[in-house]
Amino acid sequence: MAAPAAAARRRACLACAALLGGALAAHERAEAPSLPDGVTVDDRGVDVVTGVVVGPVAALPGLPPRLRLVLDLDGPADARVLVGVEVALAGDVLPGDRVRATGRLRTPRGYRDPGAADRAQIVRDQGADLELTATGFDVIAPAARWSAWRPAVAAQRAASARIAARGGDPVGNAIVRAAVVGDRSAVDDATDDAWRAAGIYHALSVSGMHLAVVALLFFALARRAWAAAPGLALRVDPARVAALAAAPIAIGYTLVTGGQPATIRALVVVLAMLLGAALRRRLAAIDALGVAALLVLVHRPSALADPSLQLSFVAAATLCLTARRPAPPPPGASRRGRVIASARGWVGAALRTSLWITATTAPITAWHFHQVSIGGVVGNVVLAPAIELLVIPLGLAGLALGVVGLGGVLLDAAIAAAGAVAAGAAALGAWIPVVAVPPPRLLEIVAWAAVVAAAWAWSRTRRRGAVAGVAAVAAATLVASIAWTTTIAPARRTGLRVTFLDVGQGDAAVVELPGGATWLIDAGGLPVRPGPGVPPAALARLWRAPGDAVLRFLDARRIRRIDVAVISHPHPDHYLGLLALADRIPIGELWMARPPPGAAPVHDDAMPTFDDVAAALVARGTRVVVPPLGVARRAGGVDLEVLGPRYDDGTGEAPVAAADPVRSVNDDSLVVALGFAGRRILLLGDVEREGEDALVARGAAAADVVKVAHHGSPTSSSAPLVAATGAAWAVVSCGRANRFGFPADDVVARWRLAGARVLRTDTVGAVTVTVAADGALAVATFDAEPAPGAAASR
C-alpha cells in the first residue's frame, strides 16, 4: 500500500500547487504601481526615469543589437519597468547599476482581441509592471546596489564572446552560445522557425534539461574523483561530497545563463535531489517537482499563466510519470544481440516518452501558440539529446579549458555538432511541419486530458474495460466539440456578428454571417520602412503583425475560410495584414475599387504594395473582383451594399466601384454597408469630407453603427455626415498613443453630441456588434463588459 499512498500524496501535492497558484494569482497586486513624482503613464509623452537594474540583462536577437533589462525605480515608487535599449546606447550596463532611461513609459497592452497574446502577462513574466523603449540611456552610478546577477552577466558576456570568436558555421556558433550560456542574440528567425517545427525549440535556450545535464555530469565526475582519491572515500561518502560540490555549480550556471523560468524550476528540483543525496535520503523526482511548483508559485503567483512555465512543469511531470527503463536483453543472447536489443529498448522507451510529452503539452501549445509540433516526437529522441549530451558538454569543457589549446578544439567541435543538429532540425521541420490548430475549448482540454489519462492507466490497471469506456466517451466528446464549433454551430448561426478588431493604427473588421460564411473588411498593417541594418525577416514580421492579430482571432473563432475580403483603399495600414493570412486562410474573393483610368502600377522598394499583396493572393487561388455599386452580394440574409466610390468614365458600362481620378486615395475608399434584419452597419474606410458629402447627398449615410472614417481624423466625420447617420454607436479603430493624435477631440465630441456612444479600439479593444434575426442589436467590448445601452434602437 506504500506505493499507491505515495503516488496519491504526490498527486495531491501537485494539485495543491496548482490551486495555491491560482488563489495567489487572483490576489496578486491588482492596484496600479506607484510612480515617482513627475512621471506619468499616458503612453504618449516622453518620460525620464531613474532606477537600478535588477535581475539579468538579456541580449535580444535581431538588428540593431538590443538589450532587455528591468529597472527598479528610485524613490518611494514600487513600479518596475521592462526596458528595451540598443546596445549602442546601453554599452556594458550590468545588474546593480543605477541608470537613467528616456522614452515613452507605457502600460503593457498588445492587441486587445479574442485570441491575442496577453502582453501584460509577458511583461509580468519578466518581473515588471510597465515597459519603455529607450531613446536615451545613461549609467549614472555603476554598481550602486549589490546584485548576484552582476558577476553572472559579466561571465555570460565573456563566455559568449569567446564562443563567437571561434567562428565556424554561423548557425552552429549561434546555437552553442544560446544552448551553453543562454545568449540568444545571434539566433535568427529561420533557425527559430525550424527548431519550433522540429519540436526542439526548448533546446535553443538553456532549458531545465540542460541544467539537469550539467549538474548531474558534475555530480558524477565529482563522486568518481572523490571515490578514486586514496582514503578520502572511507572518511566521507563520495555522494555527499559530490552533492555539496554540484549545488553551487547548478546555482552559478542558472545565474550565468539568465535564470529562465524552466531553469529556475529545474534548479529547485536539482537542489532537492542533491540535498537528498547529501542526507542519504532518496527523493523522488516527482516530489521534488511538486516542491519546485509550490516555491515558484508562492514567489510569483502569476507564473501560473506563463506558457514557458506550464510547458516546463507539464513536460517534467510527464517525464517523471511515464519514463521506464527498457526490458533487459533476453538471457542467452550473444553480445551483438544484447547490444541490438538494448539499443532498440532505449530508442523505443525514448520514443514512447517523447510521444507522452507531446500529448500532454499539446493543449498548452495549442492554447497559447495555436500550433502543435508533431515533429517533436522524433526531434526529442534524435536531435535534442545531441544538444544535451554532446554540444553542451563539449561547449562547457571548451570554455573551462580555454587557456589550453584543447579548449578551442572542443569549442570548434561543439559548433560543428550544433550546425549538424541545425541541419537535421531544418530537414525534420520541412518533413513534419508545425500543425496549426485553433485554441482548444475548456471541454476539449478536459476531454483530451481524459484520453491521455486513460491511455496512461491502460497498462497500470486490471479494469481495462472501464478505462476503455472512459477513453471512448472522452474521445467522442472531443470530436463532437470540434465538429460542433467548426462546422455545425456556424452553419446554424441565425444572427450577424461584426467584430471591429484592435489592430493598432489601422482597420480590420470580421463579419460572421448567418449560415457560416465570413467576410473581412480591411486587414490592418504596420507600414514600417527599413532602417539601417534591419533584416528583411524582422521587417516582414512588423508589416504583418496586425494581420497576425486577425489570424489569431480567426483561430479563436474557428474560422477556416474568408469568402470575401474587402480592401477599402490601397494604404498599407489596411492591406499589409493580408500577408499573415495568405499562407493560412483561403480567401475566395478580394474586392477593391477599380483604379482611376491610366493609373500606373505603384512600385515601392521599401514595402509590399497592394498590387504585390493582391498578386500573392491570386497565386493562391483568390479571385480579384471590382464589385458593382448597390447590393453587390447577399448571403445568409445579409446585404453587402457598395456605396462608393462612384466615377462614370462615359463608356456606358454597368456602374461599378471606381476611383475618381481627381479625388484623393482616401476619398476613393470603397465604402460599404451591411444590412440585416432592419439594421445597418456603415464602414467608411478612410473617406474624407468630399466623399462624405457625396454619401450624404445620395441619402446613403443612415446607419445604426458606424465605423468612423479615417480613424477619427479631423478631416473626416463632418457635421453633415454625423447628423445624417443618426447612429447609436460610433466605433473608432485607432492605435494607442498614435503619432497622429487620432481620434481628434472635436470628432469624438461631434459624434457624442449627435447621440452616438463612441467606442475606441485603443481604449476598449475589440468591439463586437451582434444583430439577432429579430433585429435586436447588442454591442460588447473586449473587456467583456457590455457597453451601456446595448439594446439601443435607432
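## Close-up views of a predicted model

**View 1. Strand 8 sits mostly under cover.** Strand 8 (residues 496–500) is mostly covered, with four of its five residues buried. Here, buried means under 20% relative accessible area, exposed means over 50%, and partly exposed lies in between (1.4 Å probe, protein chains only). Helices (H or I, at least four residues) and strands (E, at least two) are DSSP runs, numbered from the N terminus. This is a predicted model, in which local features need pLDDT of at least 70 and side-chain atom pairs count only at pLDDT 80 or more, while totals for chains, interfaces and linings use all residues. Residues are numbered from 1 along each chain as its sequence is written, and side-chain values use heavy atoms, with hydrogens and water left out.

View 2. Two strands pair if DSSP finds at least two bridges between them. Strand 8 and strand 21 (residues 767–771) run antiparallel and are joined by five bridges. Look for Leu496, which stands opposite Val771 in strand 21. Strand 8 also runs antiparallel to strand 9 (residues 508–512), with four bridges between them. Here Val498 has Val511 of strand 9 as its bridge partner.

View 3. Strand 9 and strand 10 run antiparallel, joined by five bridges. Ala508 stands opposite Ala523 in strand 10. Five residues lie between the strands in this hairpin, where Gly515 takes a positive phi near 95°. How many of the six residues of strand 10 (residues 518–523) are buried? Six of the six are, so to speak, under cover: strand 10 is mostly covered. Strand 10 pairs with strand 11 (residues 562–566) in the parallel sense, over three bridges. In this pairing, Trp519 stands opposite Val564 in strand 11.

View 4. The expected span of a helix is 1.5 Å times one less than its number of residues. Helix 7 (residues 208–228) has 21 residues and should therefore span 30 Å, which agrees with the 30 Å between its end C-alpha atoms. Its buried residues are Gly208, His210, Leu211, Ala212, Val213, Val214, Ala215, Phe219 and Ala222. What covers them includes helix 5 (170–181), helix 9 (238–256), helix 10 (261–278) and helix 15 (384–400).

View 5. A nonpolar core is a set of buried Ala, Val, Leu, Ile, Met, Phe, Trp, Tyr and Cys residues joined through side-chain atoms within 4.5 Å. In soluble globular proteins, nonpolar side chains tend to be buried together. The largest core in this model has 53 residues, and Val176, Trp195 and Ile387 have the most contacts inside it. Helix 4 (149–165), helix 5, helix 6 (189–197), helix 7, helix 9, helix 10, helix 15 and helix 16 (405–431) each give two or more residues to this core. Which helix gives the most? That is helix 16, with 10 residues.

**View 6. Val176 has neighbours from several places in the sequence.** A contact means heavy atoms within 4.5 Å. Leaving aside residues up to four places away in sequence, Val176 touches Ile163, Val181, Val391, Ala414, Ile415 and Ala418. Another core lies apart from this one and has 36 residues, among them Val498, Val642, Val705 and Ala728.

**View 7. Two aromatic pairs turn up in the whole structure.** Rings of Phe, Tyr and Trp (its six-membered ring) pair if their centres lie within 6.5 Å; planes under 30 degrees apart count as stacked, over 60 as edge-to-face and the rest as tilted. Tyr575 and Phe610 form an edge-to-face pair, 5.7 Å centre to centre with 70° between the planes. Tyr575 lies in helix 20 (residues 572–575) and Phe610 in helix 22 (residues 610–619), so the pair ties together parts that are 35 residues apart in sequence. Both Tyr575 and Phe610 are buried. The pair of Phe740 and Phe742 is stacked, because the ring centres are 5.3 Å apart and the planes are at 20°. Is Phe742 buried or exposed? Phe742 is buried, with a relative accessible area of 10%, whereas Phe740 counts as partly exposed at 42%.
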